[in-house]
Amino acid sequence: MAQAILQAHPYTKPNVKSKVLSSFALTSKTHNTSPVGTLNQEARLKYLQLLTEPRQISSKDCQFKIVVTLSELVHELYYVFCAFRIPLKPQGLRLVGSLASALITASTPLDLSNDVDILVLVGPDCDFYRINLAECVALQRILTRRSYPCFSYEAIRYMFFRESVSISDDRERWSLCSIGSDNQNMIDVKVTSKSSRDYAFSTDSFSVILEPRTIESVDRPIPFFCSFLDFSRALSDLENNRIHTTDPQSIRRGAFRYCLELAKGRKPEASERGFYDAVFYRNFEVEFGSRNLEYFEVNVDKFVSRHRKHWFCFLTNLHSLIELGSNSRKEMFLSIIGSCFFSSRVNKSIKYL
């Protein structure tokens, strides 16, 4: 089916004469649809470096390895999504996460060893099975150009997709696939139709356009966006390594995300530290307090594998946070965290210390 779609709907190169900064159509309440600025010359150089830097993608067992640039991957995703007639929203292909934040402020170095987080905004009438198939096709095309056998889409999903989940309910409608192995940098592609919240803290509320017409001509203005309502505050928080957010109790995996921010060296205002500690301990209780211990262990292990560079400080901060509470199973939770320091998955990440 996928091959027939690609043959019936060949890719048409975007019109490079269209204006990048005009006609920003409304997408959703949670995604800022008007750019708050454009990258300066220094940031543009970092942007170009990020696009052209070769990155290795490995199968989960590390048997198959390919080298790809972010530019090539973005072009493939855009091409295949268009071929599958998946309704991309205007300015809907973006870089998010730590690499996007590093482009916004000169005080944040561009660490190319970080995982790549790609956000794709799509319309409401999207089919996540079709989207997942399109992602497999994009990777298959890259593999074929490297003279690998023509693997089936199921084989590609099994070999290269570290994680593949989708959520669809009244408040959330999105899918996430993580490509790569535990001991290599991963590429996360999140396809969002509807999201009640698209950032945890003000410092990770930035996104930078990744559409092919922008990539093909970096002399064009490169717009960036901020989902946090107060852009000036978000930028100040980013420049000063400050933890700040709104409605923190609604952050999914909030306790984990908070401890990760602490592990990165960010801190709340001194007067707010007690408040954030209490809120995110409560968040931990809501998410894990009444669940079985295996559920907690699996999620800690998974989170650590996705954030290898900060695993030690993350576990240390999580241990300290849980110690603040009085859950009847507190010692069991702490024991699981202690065992994570010596787990086989974490030991693969010792080189990141």
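Me: Where is the place of C62?

Reply: C62 sits in the loop between β2 (55-58) and β3 (65-68). Strands are DSSP runs (E, at least two residues), as are helices (H or I, at least four), and they are numbered from the N terminus. This is a predicted model, in which local features need pLDDT of at least 70, side-chain atom pairs count only at pLDDT 80 or more, and totals for chains, interfaces and linings use all residues. Residues are numbered from 1 along each chain as its sequence is written, and side-chain values use heavy atoms, with hydrogens and water left out.

Me: Why is C62 called partly exposed?

Reply: Buried means under 20% relative accessible area, exposed means over 50%, and partly exposed lies in between (1.4 Å probe, protein chains only). C62 has a relative accessibility of 22%, so it counts as partly exposed.

Me: Why does S147 count as exposed?

Reply: Its relative accessibility is 68%, so S147 falls in the exposed class. S147 lies in the loop between α5 and α6 (153-160).

Me: What is the phi of C62, and what is the phi of S147?

Reply: Most residues other than glycine have a negative phi. C62 is not a glycine, and its phi is positive, near 65 degrees. S147 is not a glycine either, and its phi is about 70 degrees, again positive.

Me: Why is strand β7 (residues 173-179) described as largely enclosed by the rest of the structure?

Reply: Seven of its seven residues are buried, so β7 is largely enclosed. Both faces are covered. R173, S175, C177 and I179 are buried on one side, and W174, L176 and S178 on the other.

Me: What makes β6 (residues 161-168) a partner of β7?

Reply: Two strands pair if DSSP finds at least two bridges between them. Seven bridges join β6 to β7, and the two run antiparallel. E163 stands opposite S178 of β7. A hairpin of four residues links β6 to β7.

Me: How many bridges join β7 to strand β8 (residues 187-194)?

Reply: Seven, and this pair also runs antiparallel. I179 stands opposite I187 in β8.

Me: Which strands form the open sheet, and in what order?

Reply: Eight strands take part, in the order β1-β10-β9-β4-β5-β8-β7-β6, with mixed pairing. β1 (37-38) and β6 each have a single partner strand, so they stand at the edges, and one side of each lacks a neighbour in the sheet. Within this order, β4 (residues 88-96) and β5 (residues 116-122) pair in the antiparallel sense over five bridges. L93 faces V120 of β5 there.

Me: Which residues touch the most other members of the largest nonpolar core?

Reply: A nonpolar core is a set of buried Ala, Val, Leu, Ile, Met, Phe, Trp, Tyr and Cys residues joined through side-chain atoms within 4.5 Å. The largest has 68 residues, and L39, Y47, I118, F160, V208 and L210 touch the most other members. Helix α5 (residues 128-145) gives the most to this core, ten residues. Another core lies apart from it, with 32 residues, including F201, I251, L262 and I336.

Me: With which residues is F160 in contact, leaving aside its neighbours within four places in sequence?

Reply: Contact means heavy atoms within 4.5 Å. By that rule F160 touches I57, S58, S59, F64, L139, L143, S178, I179 and G180.

Me: What lines the largest cavity?

Reply: A cavity is a set of points, on a 1 Å grid over the protein atoms alone, where a 1.4 Å probe fits but cannot get out; lining residues have an atom within 4 Å of a point. The lining consists of L73, L77, E135, A138, L139, C177, I179 and V189. α5 gives the largest share, three residues. The lining divides into seven nonpolar residues, no polar and one charged. Nonpolar covers Ala, Val, Leu, Ile, Met, Phe, Trp, Tyr, Cys and Pro; charged covers Asp, Glu, Lys and Arg; the others, Gly among them, are polar.

Me: Why is L260 called buried?

Reply: Its relative accessible area is 3%, so L260 is buried. L260 is found in helix α9 (residues 254-263). Leaving aside its neighbours within four places in sequence, L260 is in contact with F303, H307, H310 and F314. L260 and F303 are 43 residues apart along the chain, with C-alpha atoms separated by 9.7 Å.

Key:
On a 1 Å grid over the protein atoms alone, a cavity is a set of points where a 1.4 Å probe fits but cannot get out, and a pocket is an open set with protein on both sides within 12 Å along at least five of seven lines; lining residues have an atom within 4 Å of a point.
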